[in-house]
Amino acid sequence: MPSKRICAADREGPGIVTVVVALDVGGTGIKAALVRPPGEIVRLERHATGARRGPEAVIETILAVAGGLADTARAAGETPLAVGLAVPGVVDEANGTAVWSANLGFRDVPLRELAAQRLNLPAALGHDVRAGGAAEARLGAARGVRHVLFVAVGTGIAAAHVVDGRAGGGAHGAAGELGHVVVRPGGTPCFCGNRGCLETVASAAAIARAYPTVTGDPITAADVAARAAEGDEAAVRVWRDATAALADGLLTAQALYDVADMVIGGGLAEAGEALFAPLRAALRERITFHREPRLLPAALGDRAGCLGAALLALDLLG
Ligand SMILES: [Zn+2]
């Protein structure tokens, strides 16, 4: 191969179908896909991460799944050109290292190099939320918008600031920890060691925890939203507190980034207008000098991370 940069278009010819291999590795599951430019999933697989087996076994599973997909592509007459991986935690995209992940037990894993060697293909490594944000900005809800904040609200809260389709990772690969912006000083202790972090009030897990059930049975944030819509007073209060805190967090983000669109994804966004109507109102109340961003539900669902990993791979091809 004369050059590391291969133009996908140069490789297209009669009978040659090019794809990239893309993996979104989560704490419990791996979504793995073959993706055709500019972002069409032609095959999607789901595998268990098996994190309890330890980091070495997880790495082997990632490489085996990626290698298997490349083989599947070749068997179908397609040509895999690159591989993109997205993982959670602290990710040094420039060096291709998974620096730290509580979920996967990773510490300084040179995952890009490992994937490149195993598959004998150019490889890229990214952060799951930043990859998802780039996908929403290039293929999803904020398609074509230059300045975007993607906010994933699930068990925790994380964000990606995307400019011209690329998400910045910060100096140490740890940018976007919106969930640990303090919005309620002196409030509920957070696992990070601080108090009153945004995700102690507004994550799906926090909303579920805050709702007092008579039976003590577990309840989801979606249940709380549904009960709030029915006028259940306790649910209304929990939901109002959560949307107010989220608006506080988004206002801070807007002061920093001045984006055009804020795309809200993760489990909480599935509440739809029950989330977006009060959230827009709460943000509008708080805005002073800021330009009001559009608040949009994510469009790519749980495929965003996988598509973002594919974009990282496609970007290698120029
Ligand atoms: Zn925290």
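Three strands, in the order 5-6-7, form an open sheet whose pairing is antiparallel, where strands are DSSP runs of E with at least two residues, helices are runs of H or I with at least four residues, and both are numbered from the N terminus. Two strands are said to pair if DSSP finds at least two bridges between them. The model is a predicted one, in which local features need pLDDT of at least 70 and side-chain atom pairs count only at pLDDT 80 or more, while totals for chains, interfaces and linings use all residues. Residues are numbered from 1 along each chain as its sequence is written, and side-chain values use heavy atoms, with hydrogens and water left out.

- Strand 5 pairs with strand 6 (residues 97-101) in the antiparallel sense over three bridges, and W100 in strand 6 is the bridge partner of V90.

- Five strands form an open sheet in the order 3-2-1-4-8, and here the pairing is mixed.
- Strand 3 (40-48) and strand 8 (123-127) are at the edges, each with a single partner strand, so one side of each is left without a neighbour in the sheet.
- Strand 4 (residues 78-87) pairs with strand 8 in the parallel sense over five bridges, and L85 stands opposite L125 in strand 8.
- Helix 2 (residues 55-75) packs on the sheet, where it touches strand 1 (17-25), strand 2 (29-36), strand 3 and strand 4, and its direction makes about 160° with that of strand 1; contact means heavy atoms within 4.5 Å.
- Helix 3 (residues 111-119) lies across strand 4 and strand 8, and runs at about 145° to strand 8.

**Loops beside these strands**

- P37 and P38 are joined by a cis peptide bond with omega of about 0°, and P38 lies in the loop between strand 2 and strand 3.
- N120, found in the loop between helix 3 and strand 8, has a positive phi of about 55° although it is not a glycine.

**The crossing of helix 4 and helix 10**

- The axes of helix 4 (residues 128-138) and helix 10 (residues 304-316) come within 7 Å and cross at roughly 80°.
- Helix 4 and helix 10 are therefore roughly perpendicular to each other, a term that covers angles of 65 to 115 degrees, with those under 35 degrees counted as roughly parallel, those over 145 as roughly antiparallel and the rest as oblique.
- Among the residues that make the contact are A131 and A135 of helix 4 and L307 and L311 of helix 10.

**Helix 8 and its ends**

- Helix 8 (residues 233-257) has 25 residues and reaches 36 Å from its first C-alpha to its last, close to the 36 Å expected at 1.5 Å a residue, the expected span being 1.5 Å times one less than the number of residues.
- Just after helix 8, D258 takes a positive phi of about 50°.

Notes. Axes fitted to C-alpha atoms, helices over the stretch in contact; angles between N-to-C directions.
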